[in-house]
Amino acid sequence: MPEAPLTLAVLIRTIRSARTQAEERDLVQRESAKIRGAFRGDEADSRATNLAKLLYIHMLGYPAHFGQMECLKLIASRRFHEKRIGYLGAALLLDEKQDTHLLLTNSIKNDLLHSSSWVQGLALSTLGSLGSAAMFRDLAGEVEQLAKTGQPSVRRKAVVCAVHIVRKVPDLTDMFIPLGKHLLTEQTYGILHGAMMLIAEMCEQSPQALQCFSKYVSQMVGILRNLVVAGYSPDHSISGISNPFLQVQILRLLRILGRDNEDTSEAMNDTLAQVATNTETTRNVGNAILYETVLTIMGVQSTSGLRVLAINILGRFLLNKDRNIRYVALTSLQKLLQSENSAVQRHRDTVLACLSDPDPTVKRRALQLSLALVSNSNVRTSVKELLVFLETCAPDLKSDCASGIFLAAEKFAPNKRWHIDTILQVLTMAGSYVRDDCVPNLICLIGGAKELHGYAVQQLYSALVQDISQQPLVQVATWCIGEYGNLLLEGTCEEVEPKQVHPEEILSLLERVLQSHLSLPATRAYALTALMKLGTHLQESDVNRIRSLVSIYCSCHDIELQQRAVEYNALFRKYDHLRASVLEKMPLAEKPGDNEGESEKEQNGKEDNTPNILQVEPSSNHSQPEKSDQVYDLLDLLGGPVDSSVSQPSTVTPSATSFLDFLGDLNPAATALPCMKVYERDGLLIEFSMERPALEPTLLLITATVSNQTPDDIPNFTLQVAVPKSFQVELLPPSGSTVPGQGGAPLTQVIRVLNPKQVPLRMRLRLAYSLPTGAVVQQIEEINSFPESAWK
């Protein structure tokens with residue numbers, strides 16, 4: 001005899017009792033075959049039961065698409081329980097991507113006109129969940145009518161369905177504007193909540209609706225005020241707060257209406273202050289309302305006192321025991337830092353205290369905000385706290401913390417000694433986690449502080465004696481020992497108590513660095529150079545020891561070390577009389593606009609072999625100070641010998657350029673070159689379009705176009721350029737310092753490059769900009785792929 005079909009309850013128990021997945025799969029397949037046979041036989045009496053079993057099988061993840069047509073049959077049934085199963089099945093098995101759902105349109109329309117409110121509710125719920133644009137266009141009129149005249153429960157569902165219609169088909173917004181006005185007088189809180197959702201959606205979709213409902217701000221503010229001062233209501237209060245869901249929805253709507261509108265913002269200021277001061281904060285419900293209040297205050301044109309009140313609320317959130325609330329507060333304060341810096345600064349101590357939070361996500365967000373809060377007035381105390389955090393933080397945070405301290409010290413250092421001490425502490429505690437450019441940056445910093453050479457070399461030597469595992473620290477220390485080792489040998493230091501070191505100790509330390517298995521090839525290269533430079537200050541016996549150490553690496557497997565050792569060995573054998581002059585101290589890297597560096601260069605009478613760098617000066621209305629030390633890591637990036645016989649060509653002045661443009665009809669057309677994509681990261685896209693004027697074949701005009709592919713603006717954008725000394729470069733002022741969001745006009749900046757010898761062009765770019773999160777990004781890009789037509 002054929003096995004009898006199982007009921008839904010028995011099927012659930014049987015599947016749950018299956019011991020293995022194979023047993024469960026076998027049971028589901030057998031039951032699905034029975035259900036498919038019953039559907040094929042058109043057994044009307046068992047259709048609802050079979051579909052209910054099929055929906056349970058679908059929830060377990062097994063195929064159930066063959067029940068779609070049965071859903072349509074049950075929806076057309078006159079029995080309520082069958083219609084309910086049919087609508088449930090349609091909501092689960094159908095979506096707008098399948099053409100089958102269009103067959104529901106006529107059945108839903110009939111049920112929207114049904115006399116039973118229960119049937120109308122089923123149709124509205126299903127329409128809102130799976131309705132397509134075509135279905136919404138056909139049934140929008142019925143939904144609007146039910147929202148006006150139906151039963152309270154039906155009206156609430158109809159208003160929510162109208163929200164989905166406006167969201168899916170913005171063209172139908174005008175149809176529901178009168179409905180929104182009508183619902184503002186509603187006394188039922190459930191319908192009023194749906195009305196606020198509908199109005200907010202319409203205002204987001206249509207400027208006409210936004211202008212229309214701006215006139216009703218006072219009415220909405222009155223509803224919110226009544227909710228705040230209302231007493232306890234058992235039907236609508238949660239944790240002693242009257243209808244928090246409606247309060248939150250009204251606050252969101254007010255935020256939309258008050259955006260960039262001074263009149264509407266002024267109308268809601270008093271009520272927002274009342275909500276912010278009278279809402280209970282002992283429960284999470286009150287915190288949710290306060291958070292929405294803060295977002296509304298900061299989203300409209302509110303008064304300065306009200307904005308300070310909002311930031312103080314976020315400051316209290318930082319003291320909350322709930323980690324989620326602390327995280328939300330830190331994220332919000334980071335977003336408000338640019339516009340309300342002074343108010344956020346008052347909570348700096350509380351933010352720093354969050355660095356000790358055990359939750360890693362809160363700790364990371366607190367670190368980002370703490371770094372953003374560093375300023376000229378608090379740099380010493382803030383960096384001190386950050387250094388304490390760096391010593392004990394998790395490895396995944398050390399890199400971000402070290403980079404942030406580097407940037408803060410570079411920007412706000414009160415003096416060079418403090419700057420050097422701070423960087424040394426970071427290298428000592430987290431040397432393996434620092435940025436790649438920290439070594440040349442610190443070397444340039446120390447080289448520019450002539451009065452601190454003795455202090456720096458003494459501190460670095462002491463740090464190197466204690467630990468040679470931190471490679472960036474070892475590289476900087478060995479460079480300083482090579483350049484200023486004579487000060488270490490003489491024991492001259494005015495900053496601290498001088499310490500005279502014996503040559504044997506220095507040589508043994510450098511030999512230890514060379515032999516350590518922790519030393520990278522680059523570190524050994526620094527150490528070899530330090531030995532050679534140190535040899536010019538030592539006795540002959542010590543020089544022989546250096547010669548033997550260098551000769552060991554003449555057969556090294558690393559090509560860079562081998563070449564360096566062979567060349568140094570040649571200095572000892574063939575060119576020993578030139579060794580002292582070849583190994584002189586490195587010249588001070590000159591920065592653009594640094595008069596002191598220019599005068600020193602003239603006194604020394606030596607040619608500067610650093611690349612030619614031009615930094616764009618900020619416009620006259622820009623309030624940020626010039627960062628003269630931002631370009632030091634561009635120096636000596638390209639390297640290589642420079643032909644000193646080549647005269648520096650004079651650049652064409654802007655006035656001459658404009659004159660040539662005025663006579664453009666008399667000049668032959670310039671040669672256009674293909675565009676180049678040179679940078680694409682963080683939503684920024686930088687492209688170079690190039691052309692060569694016919695009258696000046698050695699001149700290359702590059703137009704840098706900076707576009708933003710993200711919706712948020714990217715502020716503080718600067719572009720700097722470095723080229724070899726045989727070229728002459730000029731950067732014209734950019735069209736702005738903020739890259740507008742997606743859809744905005746891109747920034748443009750013209751780069752003029754003179755190439756008198758017409759040799760292949762090499763260029764390095766330094767980019768700096770701020771992300772919407774407040775993080776500062778600095779990137780260096782090298783371009784060696786210029787087309788041959790750009791220089792030949």
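This is a predicted model: local features need pLDDT of at least 70, side-chain atom pairs count only at pLDDT 80 or more; totals for chains, interfaces and linings use all residues.
Residues are numbered from 1 along each chain as its sequence is written, and side-chain values use heavy atoms, with hydrogens and water left out.

Reader: How many of the 14 residues of α29 are buried?

Author: Helices (H or I, at least four residues) and strands (E, at least two) are DSSP runs, numbered from the N terminus. Helix α29 covers residues 521-534 and reaches 20 Å from its first C-alpha to its last, close to the 20 Å expected at 1.5 Å a residue; the expected span is 1.5 Å times one less than the number of residues. Buried means under 20% relative accessible area, exposed over 50%, and partly exposed in between (1.4 Å probe, protein chains only). Helix α29 is mostly covered, and its buried residues number 11.

Reader: Which elements do the buried residues of α25 pack against?

Author: Helix α25 (residues 438-448) is mostly covered, with nine of its 11 residues buried. Among them are Cys-438, Leu-442 and Ile-446. Contact means heavy atoms within 4.5 Å, and the buried residues of α25 pack against α23, α24, α26, α27 and α29.

Reader: Is Glu-201 buried or exposed?

Author: Glu-201 lies in helix α11 (residues 189-205). Leaving aside neighbours within four places in sequence, Glu-201 is in contact with Val-163, Val-166 and Arg-167. Because its relative accessible area is 14%, Glu-201 counts as buried.

Reader: Which element gives the most to the lining of the second largest pocket?

Author: A pocket is an open set of points on a 1 Å grid over the protein atoms alone, where a 1.4 Å probe fits, with protein on both sides within 12 Å along at least five of seven lines; lining residues have an atom within 4 Å of a point. The second largest pocket has a volume of about 650 Å³, and of its 22 lining residues the closest to its centre are Gln-334, Lys-335, Leu-336, Gln-338 and Pro-772. The elements that give two or more residues are α16 and α18. With six residues, the element that gives the most is α18.

Reader: Which residue of β7 is the bridge partner of Leu-684?

Author: Two strands pair if DSSP finds at least two bridges between them. Strand β6 (residues 684-692) pairs with β5 in the antiparallel sense over five bridges, and there Leu-684 stands opposite Arg-681. Eight bridges join β6 to β7, also antiparallel. In β7, the partner of Leu-684 is Asn-708.

Definitions and conventions:
Grid points are joined across faces, edges and corners, and a volume is the space filled by probe spheres set on the points.
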